[in-house]
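Please work through the following model as a tutorial, taking each kind of feature in turn.

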Amino acid sequence: MSLYDTAPAIGLPVSQAVKYTLSVRVGYDDNINSSNRSKTPSIYTGADLGVSYSDFESTTKTHYNASLGATYYFKKAYSTNHKWFSNTSVGGGITHSFSDRCTYSLNANVRYQPEPDYANGMSTSRAQGDCFNWSISNAVTRSIDTRWSWSLNASYSGNFYMEKMYEYDDRQYLNGSASLSVKTSELVSYNLSLTYRYDMKKSGYGYNSNNLYATLGTSRSLTPYSSMNVNIGVQQKIIHREKIWTPTVRLGYNRKVMEGFSINLYGSLDNENVDTYRGSLGSYLSNPSVRVGFSGSYTWSPDLSLMFGCSYYTSEYTRGEHGMQSHKRYTITPNVGASFRITDKIRGTISYTHTISNSSYGYYGSGSKYHRNNVTFSATYTF
């Protein structure tokens, strides 16, 4: 689901028995309607109950997690008539080894939540009420010999907005890819991939698009300290009888800098088909978008950990119908936080997020620059 998963996780996965978490939170958002001229501040509160499990020691490895919760705003938020918002998700996966040379994996995630997450491919800088978001992916990998292997991948994902005023950006994706990899050492491998993606827009709201990718990449295998994955290539986007060529990039990097200090980075360049519909004015056919982010954590002591990060998203809208002007949007979201032990089973967390968003040419309102500040305090009980 997340671009942070582009690079493999550091270290080997660890099995754990069923674990439950109960979280409560309270916070303050000074611009819940993401407006430049008429900011609406509000206090909010919420609670979640979560469960997780993993078994990575069996031939068939499994893991799952689920969360059920809600958030309440004391003022109406997100350009809707609601104060209650969901915070519900279900996810899991299975990996089965048919033999020493052939492996199959399945991963699925479903979420019903508000608030865009740019690392998960969300498009807008405005919160748009509850969204139904899902991803199902399959992969088969087979070794040819000790150096060469091939894999086939297929996935289906999408995002639906529950608020009718935003349904013009509902979308679904069908993906299929084939790749050939060669291992040049115990740590480094290279791969050639061919990928097809079909973008489906809501009927009557823009155009579907076919996307073909050819990429070359390199991956650093799991080590105790770092992992990376880089893919660079070219994309052909076929939309409304036009062919558009764009470079494509996808990269991830994870590293344990020192004991207790780790960083994670991602980056992507893709000609997307998101928020391109402009009503009677027409649609944009080209939508190259850059997503970059990093996060870090530092364990000061067993009682205190510090977190920080920032995401940057920019998108350019070109090739508009009927003479529509090209325009750009960008959003920067830095955040900092701290986690501290209250008791052996209860940890507290305080976090602050600042959002800066700007549109050089706007539709559906001014589209101008705005700022947003969000402070949250939460406590989590694990049992």
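Predicted model: local features only at pLDDT ≥ 70, side-chain atom pairs only at ≥ 80, totals over all residues.

Q: How many bridges join S10 to S11, and in which sense do they run?

A: Strands here are DSSP runs (E, at least two residues), numbered from the N terminus, and two strands pair if DSSP finds at least two bridges between them. S10 and S11 run antiparallel and are joined by 12 bridges; in this pairing, Ser 189 has Ser 219 of S11 as its bridge partner. S11 also pairs with strand S12 (residues 226–239), in the antiparallel sense and over 12 bridges. Here Asn 211 stands opposite Lys 237 in S12. Five residues lie between S11 and S12, which form a hairpin.

Q: Which residues of strand S11 lie on its covered face, and which on the uncovered one?

A: In a regular strand the side chains alternate between the two faces of the sheet. In S11 (residues 209–220), the covered face holds Ser 209, Asn 211, Tyr 213, Thr 215, Gly 217 and Ser 219. The uncovered face holds Asn 210, Leu 212, Ala 214, Leu 216, Thr 218 and Arg 220.

Q: Is Arg 197 buried or exposed, and which side chains does it meet in polar contacts?

A: Burial is read from relative accessible area: under 20% is buried, over 50% exposed, and values in between partly exposed (1.4 Å probe, protein chains only). Arg 197 is found in strand S10, and its relative accessibility of 9% is why Arg 197 counts as buried.

A polar contact is a pair of N or O atoms within 3.5 Å; within protein, one must be able to donate a hydrogen and the other to accept it, and residues adjacent in sequence count only if both atoms are side-chain atoms. The side chain of Arg 197 makes such contacts with the side chains of Asp 199, at 2.7 Å, and Tyr 213, at 2.5 Å. Leaving aside residues up to four places away in sequence, Arg 197 touches residues including Tyr 173, Gln 235 and Asp 270.

Q: What does Met 200 touch?

A: Met 200 also has its place in strand S10. Its contacts, not counting residues up to four places away in sequence, include Tyr 156, Asp 170 and Asn 208. The C-alpha atoms of Met 200 and Asp 170 are separated by 8.5 Å, with the two residues 30 apart along the chain.

Q: How many salt bridges does a search of the whole structure find?

A: A salt bridge is a side-chain nitrogen of Lys or Arg within 4 Å of a carboxyl oxygen of Asp or Glu. The search finds 13.

One of them joins Lys 201 to Asp 169, with the closest N and O atoms 3.3 Å apart. This pair links distant parts of the chain, 32 residues apart: Lys 201 is in strand S10 (residues 188–201), and Asp 169 is in the loop between strand S8 (148–161) and strand S9 (171–183). Both Lys 201 and Asp 169 are buried.

Another joins Lys 164 and Glu 167 at 3.2 Å, N to O. Lys 164 is exposed, at 63% relative accessible area, whereas Glu 167 is buried, at 14%.

A further salt bridge joins Asp 275 and Arg 278 at 3.7 Å, N to O. Asp 275 is buried, with a relative accessible area of 3%, and Arg 278 is buried, with 3%.

Q: Which residues make up the largest nonpolar core?

A: A nonpolar core is a set of buried Ala, Val, Leu, Ile, Met, Phe, Trp, Tyr and Cys residues joined through side-chain atoms within 4.5 Å. The largest has six residues: Met 122, Cys 131, Tyr 161, Tyr 166, Tyr 168 and Tyr 277. Another core, of five residues, lies apart from it and includes Tyr 118, Tyr 284, Tyr 317 and Met 324.

Methods: Residues numbered from 1 in each chain as written. Heavy atoms only, no water. Helix = DSSP H or I, 4+ residues; strand = E, 2+ residues; numbered from the N terminus. Contact = heavy atoms within 4.5 Å.
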